[in-house]
Amino acid sequence: MAVRSADPADPADPAEASTPGTVRPGGRTARVRAAVLRAAEDALVEHGFSGLDLGDIAQRAEVGRTTVYRRWGSTSALVADLLADMAEQSLPRTRSGSLAEDLRANARLVQRTLADPRQGALFRAVIVAANCDADAAEALRHFYRRRVEEWAPCVTEAVERGELPADTDAPEVVRAVSAPLYYRMLTTAEPLDEDAADRAAAAAEAAARAGAFRRTDG
């Protein structure tokens with residue numbers, strides 16, 4: 001449902017003074033946030049980070065400009081909130097009981113996201129933003145910390161099953177799964193398909209079994 005367009009100078013707009021998490025889910029503040037974040041996604045896909053404008057996003061979302069400026073204040077803060085929302089909406093990890101299957105599931109999830117015309121363009125724009133804006137960079141790091149933390153237990157569980165060395169660095173294994181897929185998206189024109197995802201997962205698994213990701217911190 002479209003959010004009511006508010007007068008930019010109207011202080012009575014109830015969403016203006018709200019911040020994320022201060023009202024019940026599904027209330028007006030939640031609807032405003034959803035509309036603005038969707039508009040921010042559209043603008044990032046179309047114009048990239050350098051083309052973001054809070055006034056344009058307010059118009060796209062049919063929300064008062066004052067609401068957007070007071071709640072987010074800057075495009076980097078809006079990108080940070082968008083990344084937080086993406087982390088909240090990301091699919092949970094699988095629990096197959098097999099390291100190979102879990103890593104393959106992780107790789108295919110990353111592959112589907114990056115190969116999607118909209119999501120891939122969105123991630124490219126956010127990565128560009130992180131290279132030129134400190135707040136966007138921190139938001140991107142936070143997003144990936146959360147995703148790595150979500151999937152790291154599949155590695156620690158493999159350690160507990162005796163599949164991997166006891167001192168395997170679980171987060172490093174998870175990062176090794178997605179790194180080749182991001183590299184392919186950002187630097188080549190080669191297809192980002194399931195075969196690429198499966199190779200990335202298999203390579204990370206083989207390296208982990210060989211001890212390549214053993215911790216060096218003692």
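This is a predicted model: local features need pLDDT of at least 70, side-chain atom pairs count only at pLDDT 80 or more; totals for chains, interfaces and linings use all residues.
At 39% relative accessibility, Arg209 counts as partly exposed, a class that lies between buried, under 20% relative accessible area, and exposed, over 50%, as found with a 1.4 Å probe on protein chains only. Residues are numbered from 1 along each chain as its sequence is written, and side-chain values rest on heavy atoms, with hydrogens and water left out.

The side chain of Arg209 meets that of Glu163 in a salt bridge, at 3.0 Å from N to O; the term stands for a side-chain nitrogen of Lys or Arg within 4 Å of a carboxyl oxygen of Asp or Glu. This pair links distant parts of the chain, since Glu163 lies in the loop between α7 (134-160) and α8 (170-187), whereas Arg209 belongs to helix α9 (residues 194-209), 46 residues apart. Helices here are DSSP runs of H or I with at least four residues, and strands are runs of E with at least two, numbered from the N terminus. Glu163 is itself partly exposed, with a relative accessible area of 22%.

The whole structure holds 18 salt bridges. One of them joins Asp42 to Arg118, with the closest N and O atoms 2.7 Å apart, and this pair also links distant parts of the chain, Asp42 being in helix α1 (residues 28-47) and Arg118 in helix α6 (residues 117-132), 76 residues apart. Asp42 is partly exposed at 23% relative accessibility, and Arg118 is likewise partly exposed at 22%.

Glu172 is partly exposed, with a relative accessible area of 33%, and so is Arg175, with 41%. Elsewhere, salt bridges that share partners join Arg33, Asp81, Asp85 and Glu88 into one network.

Helix α8 also packs against α7, at an angle of about 120° and with the axes 7 Å apart; axes are lines fitted to C-alpha atoms, for helices over the stretch in contact, and angles run from 0 to 180 degrees between N-to-C directions. The two helices are therefore oblique to each other, given that angles under 35 degrees count as roughly parallel, over 145 as roughly antiparallel, 65 to 115 as roughly perpendicular and the rest as oblique. Among the residues that meet here are Tyr144, Val148 and Trp151 in α7 and Ala170, Pro171 and Tyr182 in α8, contact meaning heavy atoms within 4.5 Å.

Where does Gln111 lie? Gln111 is placed in helix α5 (residues 99-115) and counts as buried, at 7% relative accessibility. Leaving aside neighbours within four places in sequence, Gln111 is in contact with Leu181, Leu192, Asp193, Glu194 and Ala197. The C-alpha atoms of Gln111 and Asp198 are separated by 9.5 Å, although the two residues are 87 residues apart along the chain.

Confidence is expressed by pLDDT, which the predictor gives to each residue from 0 to 100. The mean pLDDT of the protein is 85, and 88% of its residues reach 70 or more. Over residues 1-25, pLDDT stays under 50.
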